[in-house]
Amino acid sequence: MPDDEGHPAVDEIELGPVLAALADPLRRRVVRELALAPDGTARTCSSFGLPVSKATVTHHFRALREAGVIRQVDRGNSRMASLRRADIERRFPGLLGIVTSEAEDGAGEQRTGH
């Protein structure tokens with residue numbers, strides 16, 4: 001059962017919701033940036049500079065959080081997002097490597113402004 005913030009327990013992280021969350025190029029960009037950063041890096045949602053409205057940013061981060069890909073923690077008047085690296089690697093070994101390799105070949109970047 002998810003905690004009070006909507007984070008599923010490790011054994012509740014399922015492949016379908018994770019893949020659905022990663023289907024969006026902007027969400028993959030967030031995960032890729034966190035995966036390429038040092039383990040434990042936490043960033044505000046606005047620090048990613050996503051080219052969408054604040055409401056849409058909120059939607060994207062909720063999708064990642066509810067799928068179990070990221071953990072969000074309130075820090076004053078903002079929320080910090082960090083990658084659940086160990087949890088994702090435990091459940092789906094190699095998945096984060098696939099997401100980060102997308103950055104290396106330049107594929108999957110969203111250029112349509114959605």
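**Glutamate 12.** I started with glutamate 12, which sits in the segment before helix H1 (15-22). Helices here are DSSP runs of H or I with at least four residues, strands are runs of E with at least two, and both are numbered from the N terminus. Before going on, I noted that this is a predicted model, where local features need pLDDT of at least 70, side-chain atom pairs count only at pLDDT 80 or more, and totals for chains, interfaces and linings use all residues. Residues are numbered from 1 along each chain as its sequence is written, and side-chain values use heavy atoms, with hydrogens and water left out.

The cut-offs are under 20% relative accessible area for buried, over 50% for exposed, and partly exposed in between (1.4 Å probe, protein chains only).

**Helix H2.** Next I checked the length of H2 (residues 25-36). Its 12 residues should span 16 Å at 1.5 Å a residue, and its end C-alpha atoms are 16 Å apart, so the two agree. The expected span is 1.5 Å times one less than the number of residues.

How many of the 12 residues of H2 are buried? Nine are, so H2 is largely enclosed by the rest of the structure. I wrote down some of the buried ones, including Leu26, Val30, Val31 and Leu34, and arginines are on the list too, among them Arg27 and Arg32.

At the N-terminal end of H2 I found a cap: a side-chain oxygen of aspartate 24 lies 2.8 Å from the backbone nitrogen of leucine 26.

**Glutamine 72.** Then I moved to strand E2 (residues 70-75), where glutamine 72 is found. Glutamine 72 counts as buried because its relative accessibility is 4%. Its side chain makes a polar contact of 2.5 Å with the side chain of arginine 65. (A polar contact is a pair of N or O atoms within 3.5 Å; within protein, one must be able to donate a hydrogen and the other to accept it, and residues adjacent in sequence count only if both atoms are side-chain atoms.) Leaving aside neighbours within four places in sequence, glutamine 72 is in contact (heavy atoms within 4.5 Å) with several residues, including His7, Cys45, Phe61 and Met80.

**Whole chain.** Last, I zoomed out: the chain has five helices and three strands, running α-α-β-α-β-β-α-α from the N terminus. Of its 114 residues, 41% count as buried.
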